[in-house]
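Subject: Structure handover and what was found in it

Dear colleague,

Here is the structure that I promised to pass on to you.

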Amino acid sequence: MKMWIPMIILFIAVTTLCVWDGIHTQNVFDKLEKDSTEIYNSVLTTEIENKDLQNKIFNLNTYWTKEMDMLCISISRKDLQPVSDYLQYLCSACINRSKEDAVTYSRLLCYNLKGLNQSTGIDMLNLL
């Protein structure tokens, strides 16, 4: 009987960590996907010199930098690296005032985040 109590506590702790990580990952990717889609649509319709657009891009980069370390608990850093790269390219496009690069990298960022969200998210297809 003494052995069951630590095993139950360990089981509950691991299960709680897994559930929390799944929910956190889903929330982060939902926000990233929504924001990257907004940025892509804004890049298509406004100039890259627009301060609001640049603030959205730099804020998304800051958010990603903060959350990426936590996501590495359950997702390989190698899988997350393209998002970091595309965000850095997008920030560089803002600094260089290159609309063509901004359109390209915002589209790649959006596409990559949708793929990661689908592959890591809570979905019936992933449960199969």
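Does Leu108 count as buried, exposed or partly exposed? At 31% relative accessibility, Leu108 counts as partly exposed, where buried means under 20% relative accessible area, exposed means over 50%, and partly exposed is in between, using a 1.4 Å probe and protein chains only.

Please bear in mind that this is a predicted model, in which local features need pLDDT of at least 70 and side-chain atom pairs count only at pLDDT 80 or more, while totals for chains, interfaces and linings use all residues. Residues are numbered from 1 along each chain as its sequence is written, and side-chain values use heavy atoms, with hydrogens and water left out.

The helix around Leu108

Leu108 lies in helix H4, residues 99–120; helices (H or I, at least four residues) are DSSP runs, numbered from the N terminus. The 22 residues of H4 should span 32 Å at 1.5 Å a residue, and this agrees with its end C-alpha atoms, which are 31 Å apart; the expected span is 1.5 Å times one less than the number of residues. Several residues of H4 are buried, among them Ala102, Leu109 and Leu116. The buried residues of H4 pack against helix H1 (4–45), helix H2 (51–71) and helix H3 (77–96), with contact meaning heavy atoms within 4.5 Å.

The nonpolar core

The largest nonpolar core has 26 residues, a core being a set of buried Ala, Val, Leu, Ile, Met, Phe, Trp, Tyr and Cys residues joined through side-chain atoms within 4.5 Å. H1, H2, H3 and H4 each supply at least two residues of this core, and H3 gives the most, with eight residues. Leu109 is one of the residues with the most contacts inside the core; not counting residues up to four places away in sequence, Leu109 touches Ser36, Leu60, Val83, Tyr86, Leu87 and Leu90.

Aromatic rings

Rings of Phe, Tyr and Trp (its six-membered ring) pair if their centres lie within 6.5 Å, and planes under 30 degrees apart count as stacked, over 60 as edge-to-face and the rest as tilted. By this rule the count comes to two aromatic pairs. The rings of Tyr86 and Tyr89 have their centres 6.5 Å apart and their planes at 50°, so this pair is tilted. Tyr89 and Tyr105 form a tilted pair, at 4.8 Å centre to centre and with 40° between the planes. Because Tyr89 lies in helix H3 and Tyr105 in helix H4, the pair ties together parts that are 16 residues apart in sequence.

Charged residues

A search of the whole structure finds five salt bridges, each being a side-chain nitrogen of Lys or Arg within 4 Å of a carboxyl oxygen of Asp or Glu. In one of them, Lys31 is joined to Asp35, with the closest N and O atoms 2.6 Å apart, and both residues lie in helix H1, four residues apart, about one turn of the helix. Asp35 is buried, with a relative accessible area of 14%, whereas Lys31 counts as partly exposed at 34%. Lys31, Lys34, Asp35 and Glu38 are linked in a network of salt bridges. Lys31 also lies over the face of Tyr63, at 4.8 Å from the ring centre; a charge sits over a ring if NZ of Lys or CZ of Arg is within 6 Å of the ring centre and within 35 degrees of the ring normal.

With best wishes
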